[in-house]
Amino acid sequence: MLRSLYDWTMRLSATPRAAYALGAVSFAESSFFPIPPDALLIPMVIAERRRAWSLAFICTATSVLGAVLGYVIGALLFDEIAEPLLAFYGYGSKFADFAQTYNEWGAWIVLMAGLTPFPFKVVTVASGATGLDPFVFILSSIVARGIRFYAVAALLYRFGPPVRSFVEKRLAMVFTLGIIALLGGFAALRLVI
């Protein structure tokens, strides 16, 4: 199954639709989708190293646009749904304290989440819910996502053929490590919340 998924992704990377699929996954991951765009970016850069920089740009731009959607979701749905529930259970003042602390460290939180396997959508929604300065949020998102996706593209551009050979020989191990990193991000989220 992994081999057929990998082969499908490699074939997709050679089609005109590849950039659209990558952009859609990157956009959705920043606001609601659980699969990180690296799952498409890595095999796409391995398949066509000459497109590394344009693929990194697509990931960065669409991820930041998706992050803005996540911010809006947090800002709009918080008032409608979360705030009344927090007040009902007596946590309204605790959230105010959390929001103040979050906003003091907001730029660093967005930067760290944007660079790691931590689910970025959680930070985008939380940033909107706490009212983090939109300029700080967008700038931090651009920097973090740009560093992350361009670093992945640069490493794959530089070491592409050996990486492709390694991945193809050890596909199950690479997939398992990716899942562990994803689950680790969700575990870190549970510790934070």
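Which residues in α6 meet Phe120, Val123 and Ser127 in α7? The second view answers this. The model is predicted: local features need pLDDT of at least 70, side-chain atom pairs count only at pLDDT 80 or more, and totals for chains, interfaces and linings use all residues. Residues are numbered from 1 along each chain as its sequence is written, and side-chain values use heavy atoms, with hydrogens and water left out.

**View 1. Packing of helix α2 (residues 18-29) with helix α3 (residues 38-47).** The two axes lie 9 Å apart at an angle of about 150°. α2 is therefore roughly antiparallel to α3 (angles over 145 degrees count as such). Ala18, Ala19, Ala21, Leu22 and Val25 in α2 meet Leu40, Leu41 and Met44 in α3 (contact means heavy atoms within 4.5 Å). Eight residues of this contact are nonpolar, none polar and none charged.

**View 2. Packing of helix α6 (residues 106-115) with helix α7 (residues 120-130).** The axes come within 8 Å and cross at roughly 160°, which means that α6 is roughly antiparallel to α7. On the α6 side, Ile109, Val110, Ala113 and Gly114 make the contact with Phe120, Val123 and Ser127 of α7. By class, five residues of this contact are nonpolar, two are polar and none is charged.

**View 3. Confidence along the protein, as pLDDT (the predictor's confidence in each residue, from 0 to 100).** The mean is 80, and 73% of residues reach 70 or more. Helix α2 has the highest mean, 89, and helix α9 (residues 171-192) the lowest, 62. Where pLDDT is low, predicted coordinates should not be read in detail.

Notes
Helices (H or I, at least four residues) and strands (E, at least two) are DSSP runs, numbered from the N terminus. Axes are lines fitted to C-alpha atoms, for helices over the stretch in contact, and angles run from 0 to 180 degrees between N-to-C directions. Angles under 35 degrees count as roughly parallel, over 145 as roughly antiparallel, 65 to 115 as roughly perpendicular and the rest as oblique. Ala, Val, Leu, Ile, Met, Phe, Trp, Tyr, Cys and Pro count as nonpolar, Asp, Glu, Lys and Arg as charged, and the others, Gly among them, as polar.
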